[in-house]
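Biologist: I would like to learn how to read a model like this one. Could you take me through it, feature by feature?

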Amino acid sequence: MSTTKQETRRAAQLQADSPWPHVRLAETDRLEAFSDGVLSITMTLLVAEIVRPDHASGQLLEKLAAQWASYIAFLASFCYAAVIWLNHRAVFARVRYCDRSLHLANLFLLLTSALIPFPTAILSAAIQSGNEFDARVAVTLYAGIAGSMCLAWLVVFHVLSIHPYLLEDGVGPDFFPKERFRAWAGVILYAVAGLAGWLSTPRLAMLIFLALPVFYGITSEGLTETRLRLQFGKAHRHAFTKADHKGLRTE
């Protein structure tokens, strides 16, 4: 039996067994595999932005050092793509089924994620040129694309908030509605960064650009999960310290 027929029969069986027969559902395997492929290709192609410098004899080290901004841009783009992958993995670990709206939202997310290396390379080149106006343009471009990516996350979270039948058993009904706050934070802060970079100084925008991926990396499992981990870690440290003091008193 061909793969297409197998998938068709599998989808038909899934539809027949679904408690929501009016909704066309599919499992997440293909969506996750496709998304992983897009993100892995994006991360692999980042190194193409680092060019081999032309140099005279004895000047290789100097030319390599002159490209420092390209190395930072590569590292920043790779880390940002890695944060996107971590967040994507955490989201779809809580998703059991996909429908058309989630497929479309995920494609929008992949589009904006694949674009992230482009404004990063532009920003790197603008910093190296030392031109203030070019830096303002580059900062605004980066803020626009990164803000669009956060908007794509907002769409994904919204779809999962209003379609609870897509979620795994045990996922709280308030989990993805709360996640929308994370996405809104990115949309708003990237807009602020773009305005600040254009109207004031690109340095303020750069601080926001550096801080947001760190925030999204720390909270990749979700705001709720991150808060629970922090509380558990605090309680665990307190219990360990108390037991340690008790042991010292016994001795």
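Modeller: Gladly! The chain has 10 helices and two strands; helices (H or I, at least four residues) and strands (E, at least two) are DSSP runs, numbered from the N terminus. Along the sequence they follow the pattern α-β-α-α-α-β-α-α-α-α-α-α. This is a predicted model, where local features need pLDDT of at least 70, side-chain atom pairs count only at pLDDT 80 or more, and totals for chains, interfaces and linings use all residues. Residues are numbered from 1 along each chain as its sequence is written, and side-chain values use heavy atoms, with hydrogens and water left out.

Biologist: What percentage of the residues count as buried?

Modeller: First the cut-offs: buried means under 20% relative accessible area, exposed over 50%, and partly exposed in between (1.4 Å probe, protein chains only). Here 37% of the 251 residues count as buried. As for contacts, meaning heavy atoms within 4.5 Å, 75% of those with a separation of 6 or more join residues 24 or more positions apart.

Biologist: Which way do α5 and α6 run relative to each other?

Modeller: Axes are lines fitted to C-alpha atoms, for helices over the stretch in contact, with angles from 0 to 180 degrees between N-to-C directions. Angles under 35 degrees count as roughly parallel, over 145 as roughly antiparallel, 65 to 115 as roughly perpendicular and the rest as oblique. These two axes come within 4 Å and cross at roughly 20°, so α5 and α6 are roughly parallel. Ser-113, Ala-114 and Leu-115 of α5 meet Pro-117, Phe-118 and Pro-119 of α6.

Biologist: Which residues have the most contacts inside the largest nonpolar core?

Modeller: Such a core is a set of buried Ala, Val, Leu, Ile, Met, Phe, Trp, Tyr and Cys residues joined through side-chain atoms within 4.5 Å. The largest one has 46 residues, with Val-91, Leu-102, Leu-160 and Phe-209 having the most contacts inside it. Helix α7 gives the largest share, 15 residues. Leu-102, leaving aside neighbours within four places in sequence, is in contact with residues including Phe-92, Tyr-97, Val-156 and Leu-160.

Biologist: Is Phe-175 buried or exposed?

Modeller: Phe-175, in helix α8, is buried, with a relative accessible area of 7%. Not counting residues up to four places away in sequence, Phe-175 touches Arg-94, Glu-221, Gly-222, Thr-224 and Glu-225.

Biologist: And how should I describe Met-206?

Modeller: Met-206 lies in helix α9 (residues 202-218) and counts as partly exposed because its relative accessibility is 25%. Beyond its neighbours within four places in sequence, Met-206 is in contact with Leu-123 and Ile-127.
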